[in-house]
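Q: Please take a close look at one part of this model. Give me the geometry, the contacts and the cut-offs behind each term.

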Amino acid sequence: MRRAVDQMIKNNKRATFTLQLTSMVDMFTIMIVFLLKSYSTSAVNITPQKGLQLPVSTTMSAPVEALKLVVSADGIYVDDKKIVDIKDGRVDGAAVESTDPDFIRGLYDELDKHALKAKDIAEKNAEVQFDGKVVMQADAKLPYDTLKKVMYTSSLAGYADLKLATFSNE
Amino acid sequence: MAKTYKRITQDADASFDLDLTPMLALIVNLIPIMLLSTVFVRVMVIESPLPQVVQKALDEDRNKKDREVTISLDMKPTGFVLQVKRDGQLLKNVDMPKQNSKWDLVKLHSEVARVKAENPTVFRMDLNPDREVAYDEIVKVIDEVRKSNTTDPKIQLMDKETNKLVETDLMFPDVVFANVVEG
């Protein structure tokens with residue numbers, strides 16, 4: 001028995017090993033290069049809402065700091081707050097003015113509130129000015145009829161500098 | 001002789017493995033930071049100023065001399081209609097019907113490039129989509145009219161300061177939804 005244990009210790013004496021990390025370092029280096037390539041240096045990043053399919057465009061203009069207006073398949077949102085319902089790609093009939101079919105009262109009131117707030121800040125702070133910029137994230141499948149209503153109401157509320165958010169195909 | 005043998009033996013023992021542990025530790029720290037701050041889906045913007053309701057009439061009147069030529073593109077259910085007007089008078093009217101119920105973007109691009117070559121100083125196009133046109137179709141059209149391809153006629157502008165011709169690939173970067181305020 002003793003002889004067998006001695007033999008086992010003798011056999012295992014050279015069983016120590018060093019971990020080969022080279023391939024792992026290779027993998028990490030590739031990952032770092034990939035992540036650096038897709039790293040964005042832009043000050044403003046837009047995160048599309050869940051389920052929102054933006055259209056694809058060749059434009060390379062970086063997004064700017066502006067009021068966020070989302071027109072998704074289920075509703076119109078201003079700064080992540082749902083304002084109006086959308087059913088089957090159309091603005092809910094009750095939300096539209098009877099005298100002006102392109103005017104969405106609820107959206108106008110909300111945008112007007114934001115415009116007044118921005119103008120108030122601009123009055124008190126000389127470095128800030130109200131420029132009426134709005135970034136519209138709209139679902140690719142929506143008809144122009146719905147977008148027209150949103151754009152019309154937005155321009156009436158003082159937000160006439162419209163920027164259309166799109167996915168970059170580059 | 002014995003000395004030389006000793007030196008060779010010492011050189012043979014001098015082989016070593018690079019200690020990659022600190023580098024690995026650095027990368028392992030770096031990767032979560034990069035993963036958290038990396039944007040995998042890049043969102044860009046198309047700039048499209050809307051005509052101000054009240055200001056529109058005033059601006060048009062004030063800038064009448066500046067905008068002698070107006071170029072408009074209608075997206076009708078049947079296809080595109082490209083119009084060029086000078087002082088309100090129709091100079092050009094091009095109908096581009098749909099091909100197999102799809103928008104003829106190739107023809108649109110070539111016609112727009114031709115119009116741009118004739119009017120190199122005009123950068124604005126009035127877009128009038130029909131109410132039923134899908135948003136992604138509008139974005140495709142904006143992409144087509146914004147920049148020229150290498151096969152298109154060269155767009156040359158005179159630099160007033162240096163009196164030299166300057167080439168650009170921009171055709172109509174200012175696409176305005178002109179029918180927004182029409183009601």
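A: Of the 170 residues in chain A, 41% are buried (under 20% relative accessible area; exposed is over 50%, partly exposed in between; 1.4 Å probe, protein chains only). The model is predicted, so local features need pLDDT of at least 70 and side-chain atom pairs pLDDT 80 or more, while totals for chains, interfaces and linings use all residues. Residues are numbered from 1 along each chain as written, chains are lettered from A and ligands numbered from 1 in written order, and side-chain values use heavy atoms, without hydrogens or water.

First, the setting. Chain A has four helices and seven strands (DSSP runs numbered from the N terminus: H or I of at least four residues, E of at least two). Along the sequence, the pattern is α-α-β-β-β-β-β-α-β-α-β. Take the contacts in chain A (heavy atoms within 4.5 Å) with a separation of 6 or more: 67% of them join residues 24 or more positions apart.

Now the helix pair. Two packed helices are described by the angle and the distance between their axes. The crossing of H2(A) and H2(B) is left-handed: the near helix is turned anticlockwise from the far one by less than a right angle, whereas clockwise would be right-handed.

Which residues make the contact? H2(A) supplies Met24(A), Val25(A), Phe28(A), Thr29(A), Met31(A), Ile32(A), Leu35(A) and Leu36(A). H2(B) supplies Met23(B), Leu24(B), Ile27(B), Val28(B), Leu30(B), Ile31(B), Met34(B) and Leu35(B). By class, the contact of H2(A) with H2(B) holds 15 nonpolar residues, one polar and no charged. Nonpolar means Ala, Val, Leu, Ile, Met, Phe, Trp, Tyr, Cys and Pro; charged means Asp, Glu, Lys and Arg; the others, Gly among them, are polar.

Elsewhere in chain B, Met125(B) sits in strand E5, residues 124-129. Met125(B) is buried, at 1% relative accessibility. The C-alpha atoms of Met125(B) and Val175(B) are 5.0 Å apart, across 50 residues of chain.
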